[in-house]
Amino acid sequence: PSVSASETLATWVSSCADSERCSFCAEDALWLFLMAQEALLGQDQSKWPLGLALLQKSSTVTTEVSALRRAVLEEELPCLRPLDAQQSLRTDANTKIIPGESNATGILGMLLQPGRRCTDGACPQRCGLTILDGVVEAWEATALVNLGEHVVSQNAKQGEGTVDLQLSARYGDRGSHLLLQLVVERLRRLLARQAQVPLAWVRIRHAFLSKIDNASPEAATIHCDEHSSAHYHFSAVLWLTEHGPDSGGALRFWDATTADWKGPMFPRIGRVALFSSGWENIHQVMPVRHGVRWSLPIFASIRAPVDKLQLVQNCFQANSSWQWQHCSAVLEDFMNAPEEEGRALR
């Protein structure tokens with residue numbers, strides 16, 4: 001049976017000797033996370049469902065607090081996509097900046113038109129960029145950086161500065177790995193607000209801890225996330241370390257209207273950039289000159305519930321390869337959906 005964290009907490013508060021203190025704990029994200037951690041990392045399987053519910057409750061609380069904060073920056077942008085889809089396929093997704101040379105070719109030289117590409121998705125025709133502070137606490141950022149450093153040191157043979165969830169689970173300690181998953185879920189919920197779609201529509205495609213220093217080759221490339229992968233519809237990057245003009249590592253976005261770069265945004269601990277992944281948000285991570293830049297980028301698809309009539313037509317009455325391609329993209333989701341979600345499919 002499903003476990004409701006809200007109902008369980010309400011019952012606990014009503015029976016608590018110090019109801020005021022217990023009411024505070026029931027809405028405190030850290031306390032909820034610690035209780036979830038105790039349940040999920042223990043051996044008593046009967047407590048695992050409640051642990052998952054408490055983890056979700058912790059994510060909800062922190063997301064609501066973050067969303068109430070005044071945005072550092074909030075821009076609504078016209079959605080953009082390539083005018084020539086074939087040119088998009090021929091153009092390298094990552095353009096390397098060469099000092100003193102023109103960058104009119106490559107992704108900055110592409111001809112664009114209004115709208116979203118949104119392959120296999122249900123993207124709203126609303127694009128933009130939002131910057132929020134205080135999305136993670138300092139202790140959470142420190143714990144995630146420590147997790148990243150530990151995993152990178154254990155995985156040195158790979159020679160990479162990225163730590164995805166699989167590597168975290170393999171090399172990291174269970175508590176830090178759980179925290180990473182919690183923060184990824186927190187960002188997913190913020191992306192749902194950014195896209196203005198139901199939470200169930202937002203599906204994480206890729207999430208990883210990223211380490212960049214002055215020897216990292218990926219810095220200084222200009223790219224658009226949806227150009228890098230057609231199923232990246234909305235993106236977020238959470239900064240875990242502090243950097244300024246002297247140390248480098250800023251993020252800057254291209255202004256397609258003025259054909260010039262916007263002002264750089266320097267990383268601050270707990271600051272997140274939330275943005276649509278299309279060509280309206282071409283961006284660049286500036287080189288790190290001093291220190292190490294840790295961040296948590298995530299990339300999400302926007303997928304609406306399956307249209308059952310269209311599914312039957314494309315899967316069971318298909319007469320074209322296009323219909324079957326659509327079918328293969330949604331049939332597995334439909335077949336694997338839990339009964340509650342299946343009833344919600346339109």
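A: Here is a short chat about the strands, the helices and a surface patch.

Q: What kind of model is it, and what cut-offs apply?
A: It is a predicted model, where local features need pLDDT of at least 70, side-chain atom pairs count only at pLDDT 80 or more, and totals for chains, interfaces and linings use all residues. Residues are numbered from 1 along each chain as its sequence is written, and side-chain values use heavy atoms, with hydrogens and water left out.

Q: OK, the sheet. In which order do the strands run?
A: The order is β1-β5-β12-β9-β14-β7-β6, seven strands in an open sheet with antiparallel pairing. Strands here are DSSP runs of E with at least two residues, helices are runs of H or I with at least four, and both are numbered from the N terminus. Two strands pair if DSSP finds at least two bridges between them.

Q: Which are the edge strands?
A: β1 (73-77) and β6 (162-164), each of which pairs on one side only. On average, neighbouring strands of this sheet are turned by 15° against each other, direction ignored. The axes for that are lines fitted to C-alpha atoms, for helices over the stretch in contact, and angles run from 0 to 180 degrees between N-to-C directions.

Q: Is β12 buried or exposed?
A: Five of the five residues of β12 (residues 272-276) are buried, so the strand is largely enclosed by the rest of the structure. Buried means under 20% relative accessible area, exposed is over 50%, and partly exposed is in between (1.4 Å probe, protein chains only).

Q: And which way do the residues of β12 point?
A: Val272, Leu274 and Ser276 point one way, while Ala273 and Phe275 point the other way. In a regular strand, side chains alternate between the two faces of the sheet.

Q: How many bridges join β9 to β12?
A: Five, with β9 (residues 234-239) and β12 running antiparallel. Ser235 stands opposite Phe275, and Ala236 stands opposite Leu274. On the β5 side, β5 (residues 127-132) pairs with β12 over four bridges, also antiparallel, and Leu132 is opposite Val272.

Q: How many residues of β9 are buried?
A: Six of its six, so to speak a mostly covered strand. Phe234, Ala236 and Leu238 point one way, and Ser235, Val237 and Trp239 the other. β9 is also joined to β14 by six bridges, running antiparallel, and there Val237 has Pro297 as its bridge partner.

Q: What does β14 do with β7?
A: β7 (residues 202-212) and β14 (residues 293-302) pair in the antiparallel sense over eight bridges. Ile212 stands opposite Arg293.

Q: Switching to helices: which residues of α2 are buried?
A: In α2 (residues 19-26) they are Cys22, Cys25 and Ala26. They cover an arc of only 100° around the axis, which puts them on the same side of α2; the arc is that of the directions from the helix axis to the C-beta atoms. The face turned away from that buried side carries the exposed Glu20, Arg21 and Phe24.

Q: And the patch, which residues make it?
A: Leu30, Leu34 and Trp139 make a nonpolar surface patch of about 270 Å². Leu34 lies in α3 (residues 29-40) and counts as partly exposed at 39% relative accessibility.

Q: Last one: where does Arg174 lie?
A: In α8 (residues 174-195). Arg174 is exposed, with a relative accessible area of 54%. Arg174 and Leu40 are 134 residues apart in sequence and 9.8 Å apart in space, C-alpha to C-alpha.

Note on methods
Patches are made of residues with over 30% relative accessible area and no salt bridge: like charges are joined within 9 Å, nonpolar side chains (Val, Leu, Ile, Met, Phe, Trp, Tyr) within 5 Å. Accessible areas come from the Shrake-Rupley method with a 1.4 Å probe; for residues, only the protein chains shown count as cover. A salt bridge is a side-chain nitrogen of Lys or Arg within 4 Å of a carboxyl oxygen of Asp or Glu.
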